[in-house]
Amino acid sequence: MLATHGLTKRFGHMLAVDHLDLSVHRGDVFGFLGPNGAGKTTTIRMMVGLIFPTEGYVQVLDHRLPGDRLEALKHVGGFVEVPAFYRNMTGRENLRMLGELSGDGSEARINEVLDVVGLRERADSKVGDYSHGMNQRLGIAQALLHKPEVVILDEPTNGLDPQGMKDVRELVRALGAAGTTVFLSSHLLNEVEQVCNRAVIINKGRVVVEGPVSELHPEHSAVKVLTRDQTRAREVLGAVVGAHNIALDEEYLVVDGVNGNVPDLVEELVRQGIKVEAIVPAREQGLEDYFLGLTQSADVDAARSPAA
Amino acid sequence: MKLLKLEFKKLINQKRTFVGWAGIAAVPIIMVVALALQSHKPQGGQGPDRFFSLAAVNGMYVAIAAIAMLTTFLLPLLASMAGSSPIAGEAEQATLKTWLFRPVTRGGVLMSKWVTAVIYMAIALGLVAAAAYIAGAIAFGLHAPALLSGGSVSLAHGFWLTFLAYLFVLAGVICVLSLATLLSTIANSSLTATIGALVIVIVLNVLGNFSFFDVLKPYLFTSRLDAWQNLFSSPIDWTPITHGLISFAITSAVLTVGAWLTFRRKDVLV
């Protein structure tokens with residue numbers, strides 16, 4: 001559907017994207033994760049022919065970029081960074097022009113996409129008067145205008161308030177549910193977790209991890225145990241999961257490597273007469289750390305092989 | 001065609017389009033007011049000055065005196081702006097990436113912008129002529145124009161010669177515009193491209209004023225911008241005019257092809 005093969009971009013001495021191989025299948029809501037500066041936007045720019053790869057190519061359906069950009073772009077909608085419009089024209093006028101470029105600027109379709117993003121009422125105001133959130137919505141509207149098979153969204157929730165973020169995420173989920181393939185770049189792990197089925201994490205222009213979203217993050221195995229009898233609890237738990245899997249986080253014992261054995265763990269604690277105040281999954285805290293850990297270890301790799 | 005239509009739509013949605021047109025069309029009007037009110041009428045003179053003295057008594061000559069005056073600065077300035085804003089201006093607003101996200105060829109985008117800029121300049125010149133004739137007719141009346149070489153031609157023939165002169169100036173101005181377009185595919189700032197083009201035009205003008213650089217002169221399009229003045233002699237010496245047109249055509253073609261070569265492989269990063 002959408003793939004990159006050995007995609008590489010070098011700016012002078014800086015290697016922004018380094019032999020990137022991605023493969024997005026039809027119907028995927030594909031998360032493209034990475035910290036800021038990881039090469040996400042550079043990759044997207046190459047995917048739509050705004051910049052030219054130093055090496056490698058992009059494939060959209062049967063079309064290869066940069067050579068077959070024109071055919072490829074008929075099937076792709078989206079935006080790169082902050083969507084930009086003609087500020088002295090209204091949202092509707094902008095959509096009309098962009099629709100005409102893609103072959104369909106009909107009022108009916110324009111109204112449809114305006115409804116999808118909830119911007120119909122403000123469609124006849126000048127884009128220059130739009131808020132950031134409205135601008136993002138118009139960005140999504142223009143991405144959908146020509147009913148593309150692939151929609152590429154570059155950090156669509158960037159700079160939005162919580163409600164705006166929620167709306168956009170729901171929209172992306174709905175697109176996926178309707179069968180549109182979505183390529184969603186983000187630097188927020190939990191966003192990708194909420195809306196995507198598959199994802200890849202990149203850093204320094206290279207893939208760090210890829211796969212189904214459920215396999216991206218560490219096993220949901222860590223739990224936090226709150227007890228007043230930490231010393232004994234440590235012994236007991238250590239006997240079950242191994243002492244190296246136990247750490248202290250403020251007043252909680254963080255127990256790793258539980259692998260779904262929480263009931264057994266609780267039973268053992270109770271049998272040993274240890275009073276447990278609370279057991280909570282340590283997952284929320286683990287994710288961002290995990291993400292950071294992954295991208296930092298990629299830094300270490302990169303530092304080890306300066307030739308790359 | 002579709003691209004051209006959309007470019008034109010964008011053009012007329014910008015305030016500065018009309019500011020440019022209004023500004024340049026004001027020049028012949030100001031000229032007429034000054035000529036009508038000042039007690040000391042210009043007499044005789046060479047080149048552009050000669051046109052002023054003729055314009056002071058015959059409204060037919062206002063349009064001619066106006067382009068003689070405008071080709072020195074204001075027309076090149078307007079052409080530099082018109083040529084540079086379509087690419088670099090859109091790059092500045094980041095709308096270039098929105099435009100190029102659509103299935104349109106880069107060559108088509110560049111050409112539609114170039115043609116739109118040419119149309120913009122043609123309309124500007126048309127407005128100058130219209131303002132000149134209206135103001136000139138009111139102030140001095142339209143009479144059969146006298147020729148620089150003596151004698152005169154009919155009113156209709158006078159219009160025709162003026163029209164040809166305007167076409168010639170338009171062809172010359174397209175060189176400036178193409179230069180600005182080329183620079184705008186290299187620089188990402190439209191101001192840089194505008195000023196760059198203008199500076200180059202001024203430098204070429206300066207070079208043309210020194211006999212030391214006479215070897216260069218045949219290749220400088222700027223030295224040929226006044227060749228239309230030969231139209232107002234009898235018999236008309238066509239050689240400088242055709243040479244001028246050939247020079248303009250080659251210059252514009254080279255610059256525009258250069259712009260295309262740059263733009264088709266340009267990394268659009270903004």
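**View 1. The largest pocket holds about 360 Å³ of space.** The model is predicted: local features need pLDDT of at least 70, side-chain atom pairs count only at pLDDT 80 or more, and totals for chains, interfaces and linings use all residues. A pocket is an open set of points on a 1 Å grid over the protein atoms alone, where a 1.4 Å probe fits, with protein on both sides within 12 Å along at least five of seven lines. Its volume is the space filled by probe spheres set on the points, which are joined across faces, edges and corners.

**View 2. The lining of the largest pocket has 22 residues.** Lining residues have an atom within 4 Å of a point. Leu11(B), Gln14(B), Arg16(B), Ser85(B) and Pro86(B) lie nearest the centre. The element that gives the most is α5(B), with eight residues; helices are DSSP runs of H or I, at least four residues, numbered from the N terminus.

**View 3. Chain A and chain B bury about 3,000 Å² between them.** Buried area is the accessible area (1.4 Å probe) lost on putting the two parts together, summed over both. Carbon and sulfur atoms carry 58% of it. The contact (heavy atoms within 4.5 Å) takes 33 residues from chain A and 29 residues from chain B.

**View 4. A salt bridge joins Lys5(B) and Glu100(A).** Their side chains meet at 3.0 Å, N to O. The rule (a side-chain nitrogen of Lys or Arg within 4 Å of a carboxyl oxygen of Asp or Glu) finds two salt bridges across the interface. Residues are numbered from 1 along each chain as its sequence is written, chains are lettered from A in the order in which they are written, and side-chain values use heavy atoms, without hydrogens and water.

Methods. Helices (H or I, at least four residues) and strands (E, at least two) are DSSP runs, numbered from the N terminus.
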